[in-house]
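Hi,

Here is the structure I said I would pass on. Have a look at it first, and my notes follow below.

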Amino acid sequence: MRSDHIRASLRVWHPTMPAQAIYQSIKLKLVRQWSYGEPRTTPKGNALEGTHTETYCCFELDQSHSQELPSTLRLANEELSHSAELIKEIANSGGRIEYYITLSGGMGFELDSALVSELSALNASLAVEVL
């Protein structure tokens, strides 16, 4: 499976927790964030109407060296395990954590039961979009 046909990110939402509390604890590459109540903007920083109704952080997962998707997810799970208290707090206070995967070029992947168990232990959902 070629990694250029698969993209993976970790997305975190929370009703009120400041984004800074999330991204300072999770040591992955932050690509987009906002906090509840902040003015809405485009990714380029242009102002939009209204304020954000929840906090959001998106982290790009490293898929360098033609790494297979399950290995990428395992490494991210390991990083999240270092923030176990935060992850638990997010889940217990109305937030959610999701791995977001996009596939193109007729690609696929398989997650073994051990990896699925890791996702479950972190209360992490898996979303897959085929382009």
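One to start with: does Glu118 count as buried, partly exposed or exposed? With a relative accessibility of 28%, Glu118 counts as partly exposed. Bear in mind that this is a predicted model.

Glu118 also has a partner: its side chain meets that of Arg74 in a salt bridge (3.9 Å, N to O). That pair links distant parts of the chain, with Glu118 in helix α4 and Arg74 in helix α2, 44 residues apart. Arg74 forms a salt bridge with Asp112 too, where the closest N and O atoms are 2.7 Å apart. Asp112 sits in the loop between β6 and α4, so this pair ties together parts 38 residues apart in sequence. Through shared partners, Arg74, Asp112 and Glu118 end up in one network. Asp112 does something else as well: at the start of α4, one of its side-chain oxygens reaches to within 3.2 Å of the backbone nitrogen of Ala114.

There are five salt bridges in the structure. Another one of them joins Glu60 and Lys29, at 3.8 Å between the closest N and O atoms. Glu60 is in strand β5 and Lys29 in strand β2, so the pair ties together parts 31 residues apart.

Now the inside. The largest nonpolar core has 27 residues, and Leu10, Ile22 and Tyr99 are among those with the most contacts inside it. Helices and strands that each supply at least two of its residues include β1, α2 and β6. Ile22 touches Val12, Cys57, Phe59 and Leu86, among others.

Val128, in strand β7, is partly exposed at 42%.

Cheers

Notes:
Residues are numbered from 1 along each chain as its sequence is written. This is a predicted model: local features need pLDDT of at least 70, side-chain atom pairs count only at pLDDT 80 or more; totals for chains, interfaces and linings use all residues. Side-chain values use heavy atoms; hydrogens and water are left out. A nonpolar core is a set of buried Ala, Val, Leu, Ile, Met, Phe, Trp, Tyr and Cys residues joined through side-chain atoms within 4.5 Å. Buried means under 20% relative accessible area, exposed over 50%, partly exposed in between (1.4 Å probe, protein chains only). Helices (H or I, at least four residues) and strands (E, at least two) are DSSP runs, numbered from the N terminus. Contact means heavy atoms within 4.5 Å. A polar contact is a pair of N or O atoms within 3.5 Å; within protein, one must be able to donate a hydrogen and the other to accept it, and residues adjacent in sequence count only if both atoms are side-chain atoms. A salt bridge is a side-chain nitrogen of Lys or Arg within 4 Å of a carboxyl oxygen of Asp or Glu. Lists of a residue's contacts leave out its neighbours within four places in sequence.
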